[in-house]
Amino acid sequence: MSNEQLFMIEYTVADMVKYLMEDYGVDMVRALEIVYSSRTFRQLKNVDTGLYVEEGPYVYELLKAEPDFTSRVKGE
């Protein structure tokens, strides 16, 4: 993975964390846990998927579409 790819992944993670904090009122630690434990993050860090080149809002929508998203946000 190149430095540029790593930067793009980290930037997208930061976007998703920010959106979770704004939309669901979770704190930063919880938002990071949600992102890093998600299927979306596994796809994001796999550069072969090309997901890392997509905009943050698009990747965030994929995160929210995960079947267990609501329960993870609620901490269940």
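Helices in these legends are DSSP runs of at least four residues, numbered from the N terminus. The model shown is predicted.

**Figure 1. Overall fold of the predicted chain.** The chain holds five helices and zero strands, and its pattern along the sequence reads α-α-α-α-α. With a radius of gyration of 12 Å, close to the 11 Å that the globule rule gives for 76 residues, the chain is as compact as a globular protein of that length. The C-alpha trace spans about 35 × 20 × 15 Å along its principal axes. Of the contacts with a separation of 6 or more, 62% join residues 24 or more positions apart.

**Figure 2. Surface and charge of the chain.** Buried residues account for 36% of the 76 residues. The chain exposes about 4800 Å², of which carbon and sulfur atoms supply 52%. Its side chains include 8 positive and 14 negative ones, and the centres of these two sets lie 6 Å apart.

**Figure 3. Tyrosine 58 in helix H4.** Helix H4 covers residues 56–64, and tyrosine 58 is found within it. The relative accessibility of tyrosine 58 is 44%, so this residue counts as partly exposed, given that the partly exposed class lies between the buried limit of 20% and the exposed limit of 50%. Methionine 16 is 42 residues away from tyrosine 58 along the chain, and the C-alpha atoms of the two are separated by 9.7 Å.

**Figure 4. Serine 38 in the loop between helices H2 and H3.** This loop links helix H2 (28–36) to helix H3 (39–45), and serine 38 is found in the loop. Serine 38 has a relative accessibility of 0% and therefore counts as buried. Its side chain reaches the backbone oxygen of valine 35 at 2.6 Å. A polar atom of the serine 38 side chain also lies 2.9 Å from the backbone nitrogen of phenylalanine 41. When residues up to four places away in sequence are not counted, serine 38 touches Leu63, Glu66 and Arg72.

**Figure 5. Glutamine 5 in helix H1.** Glutamine 5 has its place in helix H1, which comprises residues 3–24. Its relative accessibility is 17%, so glutamine 5 counts as buried, the limit for that class being under 20%. With neighbours within four places in sequence left aside, glutamine 5 is in contact with Val47 and Tyr52.

**Figure 6. Aspartate 27 in the loop between helices H1 and H2.** The place of aspartate 27 is in the loop between H1 and H2. Aspartate 27 has a relative accessible area of 47% and is therefore partly exposed. The side chain of aspartate 27 reaches two backbone nitrogens: that of valine 29 at 3.3 Å and that of arginine 30 at 2.8 Å. Valine 17 is 10 residues from aspartate 27 in sequence, and the two are 9.0 Å apart in space, C-alpha to C-alpha.

**Figure 7. Methionine 28 in helix H2.** Methionine 28 is found in helix H2. A relative accessibility of 49% is the reason why methionine 28 counts as partly exposed. Not counting residues up to four places away in sequence, methionine 28 touches Val17 and Met21. The C-alpha atoms of methionine 28 and alanine 14 are separated by 10.0 Å, and these residues are 14 residues apart along the chain.

**Figure 8. Serine 71 in helix H5.** Helix H5 is made up of residues 69–74, and serine 71 has its place there. At 26% relative accessibility, this serine 71 counts as partly exposed. The side chain of serine 71 reaches the backbone oxygen of aspartate 68 at 2.9 Å.

Note on methods: Residues numbered from 1 in each chain as written. Predicted model: local features only at pLDDT ≥ 70, side-chain atom pairs only at ≥ 80, totals over all residues. Heavy atoms only, no water. Helix = DSSP H or I, 4+ residues; strand = E, 2+ residues; numbered from the N terminus. Rg over C-alpha atoms; globule rule 2.2 N^0.38 Å. Buried < 20%, exposed > 50% of the residue type's maximum accessible area, 1.4 Å probe, protein only. Contact = heavy atoms within 4.5 Å. Areas by Shrake-Rupley, 256 points an atom, 1.4 Å probe, with all protein chains shown as cover. Lys, Arg positive; Asp, Glu negative; His and termini not counted. Charge placed at Lys NZ, Arg CZ, Asp CG, Glu CD. Polar contact = N/O pair within 3.5 Å; in protein donor to acceptor, adjacent residues only side chain to side chain.
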